[in-house]
Amino acid sequence: MSVPKIVPLTNVGLLSAAIARTNSRPQGLPGVVVMYGASGLGKSVGAAFAANQHRAYYVECRDTWSKKAFLHAILREMSIQPASTMSVMVDQVAEQLSKSGRPLLIDDVQYLLEKAVANVLTDIYNASEGTIVLIGEERVPSSLAKLERLHNRVLEWVPAQRATLDDLRALAESSYPELHFADDLLEDLRKKVDGCLRRVAVNLYKVYSEARARCLDSIDLAGWGSDSWFTGEAPSRRA
Amino acid sequence: MPRIRADLVMVGGKSPRQYIWEAIRAVNAGPKALTTYTVARKSNQDDQAVRAYFRDMEKAGIVSKVRNIDRRDSEWTLLKDEGVEAPRVNHHGKRTTHAGGVENIWRALRILGEFTAAEAAATASVNGVSISEFGAQVYLSGLAKAGYVTRRGGTAGFKTRFRLVPSRYTGPKHPIYQRDFDQVYDPNLDQVVWRKADQEVTQ
């Protein structure tokens, strides 16, 4: 289950502000933005908001992609008829990126960085000087460090933040406006799931269905009991 | 040997202005002068439409007039090449975001995979574009009819959740739900993918 909520969450603001800054950077500065963080922190939600805000081109990488598949995917997003050779395709992507001024968002970039496709990314950047946003998992910075040429073109690193209490409150309010969640409940949940938004959404739904069954319109930690959170761990065996 | 020029050509169905814009870029790259007449012939569009588009783009500062050749023909210079996508300007020279709401919904649907109409409207309403929850609901149920999304929920207390069928992501241009004919047109494929009339015939 994803967390398809565009409530003003920390990560949403971080990414879209970073892209806005990069778009208006002075000439001569590099234009790669990297957002990285563990799964479930709301990177994709941030990506969706930023993509709509800047009319960005969005590609989601797959492990199986070759250089050609990668270029085809980008050109498809731009709805451009792909040329027959890869070098011309790089030109096409670069031309469209630099002329249109729209950023390119590449999600799940960790699949590409360990492979030869990463050089295509560098080529595209060099030829276009456009804004390229890489979104990926925790190990992306260390993989990027091995790619000297791409690494020094990063203008901003945006580590995805773990959810704060404010985030939880905003999410709870927008998802279930009719139920009031007490702060101690939300704080306990935040600690138990370690700020992972996806798990927060699962648990809020659990609380909500329970509260509905009990006909409550507000719930706190005492009323809920802190041992029934879903943390993703399998239940321990009982004697 | 000179390198082959990578002319950018859009795939799928194109609007008349898209044809005109592609012709403008092609003529601009070639040796011929950029005139209303050459563009109209190259794009196979009406002279009047080409003239109107040039006039609108001149107001928007995308092209500027070099000279008048005769009463209906002028020579132009392209000031700002914006890539493959035709600039969308109205007759005041203002940028338009017509149907920006559904475009954003389609983009967000592909990134997030699943949402309710309320969430879709919230995601799509950024940067001067706005769409209501009702508008999103109408659009998404149109997509559901054509089989682009599946629907789940829709009972009391649980709003309908729409989920994109991944194999039906045909491309970046949003499918258009034409309510007055009750049909869905997909510009990526350039075809009408669903028609209510067809369903009635088979029944």
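How many helices and strands does chain B have? The points below take this up first and then go through both chains of the model, which is a predicted one.

1. Chain B as a whole. Chain B contains seven helices and eight strands. Chain B has 203 residues, and 46% of them count as buried.

2. In chain A, five strands make an open sheet, and their order is S2-S3-S4-S1-S5. The pairing in this sheet is parallel. Strand S2 (57-60) and strand S5 (154-159) of chain A each have a single partner strand, so one side of each is left without a neighbour in the sheet. From one strand to the next, the twist averages 15°.

3. One pair of strands in chain A. S2(A) is paired with strand S3 (residues 104-107) of chain A over four bridges, in the parallel sense. To find this pair in the structure, look for Tyr58(A), which stands opposite Leu105(A) in S3(A). Helix H3 (residues 67-77) of chain A packs on the sheet and touches S2 and S3 of chain A. The direction of H3 makes about 145° with that of S2(A).

4. A sheet in chain B. Three strands of chain B form an open sheet in the order S6-S7-S8, and here the pairing is antiparallel. At its edges are strand S6 (176-178) and strand S8 (191-195) of chain B, each of which pairs on one side only. With direction ignored, neighbouring strands of this sheet are turned by 25° against each other on average.

5. Details of that sheet. Strand S7 (residues 183-186) of chain B pairs with S8(B) in the antiparallel sense, over four bridges. Gln183(B) has Arg195(B) in S8(B) opposite to it. Helix H6 (residues 133-145) of chain B lies across S6, S7 and S8 of chain B and runs at about 95° to S6(B).

6. A helix pair between the chains. How are H2(A) and H4(B) oriented to each other, roughly parallel or roughly antiparallel? The axes of helix H2 (residues 43-54) of chain A and helix H4 (residues 100-112) of chain B come within 9 Å and cross at roughly 160°. Angles over 145 degrees count as roughly antiparallel, and H2(A) and H4(B) are therefore roughly antiparallel to each other. Their crossing is right-handed.

7. Residues at that contact. On the side of H2(A), the contact is made by Ser44(A), Val45(A), Ala47(A), Ala48(A), Ala51(A) and Asn52(A). H4(B) contributes Asn104(B), Arg107(B), Ala108(B), Ile111(B) and Leu112(B). Sorted by class, the residues are seven nonpolar, three polar and one charged.

8. A buried residue in chain A. Ile19(A) is part of helix H1 (residues 10-23) of chain A. Ile19(A) counts as buried because its relative accessibility is 0%. Apart from neighbours within four places in sequence, Ile19(A) is in contact with Ala50(A), His54(A), Pro103(A), Leu105(A) and Val133(A). Ser44(A) lies 25 residues from Ile19(A) in sequence, and the C-alpha atoms of the two are 15 Å apart in space.

Notes:
Residues are numbered from 1 along each chain as its sequence is written. Chains are lettered from A and ligands numbered from 1 in the order in which they are written. This is a predicted model: local features need pLDDT of at least 70, side-chain atom pairs count only at pLDDT 80 or more; totals for chains, interfaces and linings use all residues. Side-chain values use heavy atoms; hydrogens and water are left out. Two strands pair if DSSP finds at least two bridges between them. Helices (H or I, at least four residues) and strands (E, at least two) are DSSP runs, numbered from the N terminus. Axes are lines fitted to C-alpha atoms, for helices over the stretch in contact, and angles run from 0 to 180 degrees between N-to-C directions. Contact means heavy atoms within 4.5 Å. Angles under 35 degrees count as roughly parallel, over 145 as roughly antiparallel, 65 to 115 as roughly perpendicular and the rest as oblique. A crossing is left-handed if the near helix is turned anticlockwise from the far one by less than a right angle, and right-handed if clockwise. Ala, Val, Leu, Ile, Met, Phe, Trp, Tyr, Cys and Pro count as nonpolar, Asp, Glu, Lys and Arg as charged, and the others, Gly among them, as polar. Buried means under 20% relative accessible area, exposed over 50%, partly exposed in between (1.4 Å probe, protein chains only).
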